[in-house]
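Please work through each task before reading its solution.

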Amino acid sequence: MSKYFKDVTTLEELRKQYRDLLKKYHPDNANGSTEATQEINAEYDRLFKVLKDRHESRSAGTNKEKEKTDFNHMKYDFSEDAKLREVLQKIITFEGINIEIIGCWLWVDGNTYAYRTALKEIGFKWAREKKKWYFHTEAFRKRSRKKLSMEDIRNYYGSTEVETDRAKRLKQA
């Protein structure tokens, strides 16, 4: 039984609810606390292991070709999840930015000028042609010289926008 996460059946649902809970209960927010954030992280870790094991057991039952197309197409290394969560937790409260998760990368744009030093310290790099900041773990290695548009990258890896508190307020106005 989970105190914070409700009806989670996939890793994608877990990540989405985690981001929402983190925004709501982060210690920097009025109704947030360190204790709640720690409980959320503990629940996330427990549920992540369960869902990952379930996903891997389903993949093990398929033939190699199907596994290659279904599982590897996600391009997501589960061992890197903790690092991405840690970085997301550091930037989720930045005002006026847009956060997008594409595969195992974080992309940030919007009003980032005020946060450029913090983003650099966290490990983000500036993509001049895309006019966005990006973060990825050391596990990623670029294998080709091909330059892809953001739309191509989104289509290939999948994309999730992280809705910040400011974006929610603008939608409600």
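**Exercise 1.** Which residues are linked with Asp20 in a network of salt bridges?

*Solution.* The model under study is a predicted one. Its network of salt bridges joins Asp20 with Lys16 and Lys23.

**Exercise 2.** Determine whether the partners of the salt bridge between lysine 132 and aspartate 109 are buried or exposed, and locate them in the chain.

*Solution.* Begin with the geometry: the N to O distance between the two side chains is 2.6 Å. Lysine 132 is in strand S4 (residues 132–136) and aspartate 109 is in strand S2 (residues 105–110), so that the pair links distant parts of the chain, 23 residues apart. Finally, consider accessibility: lysine 132 and aspartate 109 are both buried.

**Exercise 3.** Which parts of the chain does the pair of glutamate 129 and lysine 147 tie together?

*Solution.* The side chains of glutamate 129 and lysine 147 meet in a salt bridge at 3.1 Å, N to O. Glutamate 129 lies in the loop between strand S3 (125–127) and S4, and lysine 147 in the loop between S4 and helix H6 (150–157); the pair therefore ties together parts that are 18 residues apart in sequence. The relative accessibility of glutamate 129 is 58%, which classes this residue as exposed. Lysine 147 is likewise exposed, at 61%. In total, the structure holds 10 salt bridges.

**Exercise 4.** Identify the residues that touch the most other members of the largest nonpolar core, and trace the contacts of isoleucine 91.

*Solution.* The largest nonpolar core has 41 residues, of which Phe5, Leu14, Ile91, Leu106 and Phe124 touch the most other members. Elements that give two or more residues to this core include H1, helix H2 (34–60), helix H4 (81–91) and strand S1 (97–102). S2, helix H5 (116–122), S4 and H6 also give two or more residues each. Leaving aside residues up to four places away in sequence, isoleucine 91 touches Ile97, Ile99, Val108, Leu119, Ile122 and Phe124.

Key: Residues are numbered from 1 along each chain as its sequence is written. This is a predicted model: local features need pLDDT of at least 70, side-chain atom pairs count only at pLDDT 80 or more; totals for chains, interfaces and linings use all residues. Side-chain values use heavy atoms; hydrogens and water are left out. A salt bridge is a side-chain nitrogen of Lys or Arg within 4 Å of a carboxyl oxygen of Asp or Glu. Helices (H or I, at least four residues) and strands (E, at least two) are DSSP runs, numbered from the N terminus. Buried means under 20% relative accessible area, exposed over 50%, partly exposed in between (1.4 Å probe, protein chains only). A nonpolar core is a set of buried Ala, Val, Leu, Ile, Met, Phe, Trp, Tyr and Cys residues joined through side-chain atoms within 4.5 Å. Contact means heavy atoms within 4.5 Å.
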